[in-house]
Amino acid sequence: MKSIFAFITVAVFCSAMLPQDDELAKSIERGKMVYSENCISCHMGTGEGVTATFPPLAKSDYLMKTPELAIKAIKYGLIGKIKVNDVDYDNMMPNPGLGNDEIADVTNYIMNTWGNSSEKKMITEKMVDEIKEKK
């Protein structure tokens, strides 16, 4: 009887976890398309960027330590100095004109690809909407 109860408990717990993982997987897949249409020409196909010109997204300390700044850069563009993996970058990233849903998807893609791991924390459209441009 105990093993049946334990099995049912594990099954229920695992099924409760699937929707988040499934939604994240779908978001990552959509984000891959957004990346290939908007980001790949500067940040390259494997997210390595171009040293001292376009920062890497692969294994990026800037992205993983401050995802809200990365979201803000995607949402509004970026001008000015940033430091990524101990390399200074001072270039301009134009506002790509993406919707909040596309920004969430592409952020989920880059935060879960090329050695990055967000530990299954999903960026949502609501989280993107809450990022405001400071004037």
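**Exercises: a pocket and its aromatic neighbours**

Six elements, α2 (40-43), α3 (61-65), α4, β1 (78-84), β2 (87-93) and α5, each bring at least two residues to the lining of the largest pocket. Helices (H or I, at least four residues) and strands (E, at least two) are DSSP runs, numbered from the N terminus. The model is predicted, so local features need pLDDT of at least 70, side-chain atom pairs count only at pLDDT 80 or more, and totals for chains, interfaces and linings use all residues. Residues are numbered from 1 along each chain as its sequence is written, and side-chain values use heavy atoms, leaving out hydrogens and water.

**Exercise 1.** Find which element gives the largest share of the lining of the largest pocket.

*Solution.* Start with β2, which supplies five residues, the largest share. Next, sort the lining: 21 residues are nonpolar, seven polar and one charged. Here Ala, Val, Leu, Ile, Met, Phe, Trp, Tyr, Cys and Pro count as nonpolar, Asp, Glu, Lys and Arg as charged, and the others, Gly among them, as polar.

**Exercise 2.** Work out how the rings of Tyr109 and Trp114 are arranged.

*Solution.* First, recall that rings of Phe, Tyr and Trp (its six-membered ring) pair if their centres lie within 6.5 Å; planes under 30 degrees apart are stacked, over 60 edge-to-face, the rest tilted. The structure holds three aromatic pairs. In this one the centres are 5.4 Å apart and the planes at 80°, so the pair is edge-to-face. Then check burial (under 20% relative accessible area is buried, over 50% exposed, partly exposed in between; 1.4 Å probe, protein chains only). Tyr109 is buried at 9%, and Trp114 is buried at 18%. Finally, ring pairs link Tyr35, Tyr109 and Trp114 into a cluster.
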